[in-house]
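Hi there,

Here is the structure I promised to pass on. Please have a look, and my notes follow below.

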Amino acid sequence: MVKKIYFQSIFLSFFFIKETFAAESGGMPQLNPEFWVSQIFWLTLTFGIMYLILSKLILPKISNNLESRKSQILENIEAAEKQREDSDAKLKEYDEIISNSKLEANSILNLAREKAMKDIGAKRKVLDKQIDNEIAEAEKEIDILRKNALDKINKIAIETSSDLLQKLIGTEVNNSSISAIVDDLSKKKGDKYYGN
Amino acid sequence: MAANPMSQFDVYRIGPEIKIGAFDISFTNASLFMILSSLSILLVFNLGSKKNSILPNKLQLLAELSYSFVSKMISDTAGSKAKPYFAFIFSLFMFVLFCNMFGMIPYTFTVTSHIIVTFMLAAFIFIGVTIIGFIKHGFGYLKLFVPSGVPAILLPLIVVIEIISYLSRPISLSVRLFANMMAGHTMMKVFGGFVISLGVVGGWLPLSFSVALTGLEILVAFLQAYVFAILTCIYLNDALNLHH
């Protein structure tokens, strides 16, 4: 839209220029050679001086600035990269130390456990032996005591029964006959009372 | 006088008449705006390159972005061999750009709207590029006019066309810039005249066109400077790297 108007107006303006060509004597000032030499001279002068100053003084400075910035940025990136590598290495080292110490701790723990187990086993064995010994001794004592007790009980039974019979009957009964009865009874019921 | 849209292109003497031999080299309004443009370029880029800080200020950024822009343009179109001509193309681009932009300020004179100025620049480029071509390739530079892969029957015709197109380079280069600047400024003046002649009632339409045209002309001012510089790069590329 704008373009169309633009070109239409260019046409329009050229019509206008044509009319002014007809009206004015000069026409396009661009085609008037009166100041051509002057324009060429001043163009050469200004452009030449500007070119010289730009190319000798200003452009090298700008290029220097750009280069130095670039190199500084590159250096910084390099330094950052180096530091990152360093930190990575340190991290690895740290991890290694941590894992190593974990392993060490585990092995120490295992060793200690084994040692403790061994100690416990040895002590248990000693204790077991002691206990076994004591139990055996106690059993022996009990056996002795049981045997003694049986004899004593028989004796007491004979004595008490003879005493009882004496008091009941008033006469002395023969000890041997009573002991025979007691023996017989104790043999019959001994199992029941003493477990043997 | 002000109603004539061509009067803005009038060159007139400022100060006394200066003559060297038969030549009149008086200081004119054209000379004034050439000096103004050159001085502004030098000022901007001098201030922009004075301090070298890692975080550039606005002027430094402007100077460095322009530098990279032109540098990229040259390396893209003419390759790395064109590096020695960077300063010239940079000055050329900036000179044309600043002259065009100065012309956008009301009551100023547009240096690049004069065919003699643009033609001088184009002729200098043309002659310089031709000399560079002959220095780099000797008479082998004439191979430029003989494109490879063309049937033998068509060759005479093609060579003639190539020679004509080569010789018309300075004319097309200079007329493109001059005509664009002149047409744009004339049109703005015409629309400005319409605003006055149509008055308060009907003047708003041409006024709005005038506003839109101003934007367009600023774009054209930049674009023509860019085209001028990039065509110079392309011609330089032909001279440096013979492709044909």
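The contact between the chains takes 44 residues from chain B and 40 residues from chain A, where two residues are in contact if their C-beta atoms, placed from the backbone, lie within 7 Å. This is a predicted model, in which local features need pLDDT of at least 70, side-chain atom pairs count only at pLDDT 80 or more, and totals for chains, interfaces and linings use all residues. Residues are numbered from 1 along each chain as its sequence is written, while chains are lettered from A and ligands numbered from 1 in the order in which they are written.

On the side of chain B that touches chain A, α1(B) gives the most, with 10 residues. (Helices are DSSP runs of H or I with at least four residues, strands are runs of E with at least two, and both are numbered from the N terminus.) That side of chain B divides into 30 nonpolar, 11 polar and 3 charged residues. Nonpolar here covers Ala, Val, Leu, Ile, Met, Phe, Trp, Tyr, Cys and Pro; charged covers Asp, Glu, Lys and Arg; the others, Gly among them, are polar.

Now to chain A. Helix α2(A), residues 36-169, bends by about 45° at L54(A), taken as the angle between axes fitted to the seven residues ending there and the seven starting there. Just after α2(A), G170(A) has a positive phi of about 90°.

Back in chain B, residues of α4(B), including F119(B) and F126(B), meet residues of α6(B), among them L173(B) and F178(B). By class, this contact has 10 nonpolar, 2 polar and 1 charged residues.

Best wishes
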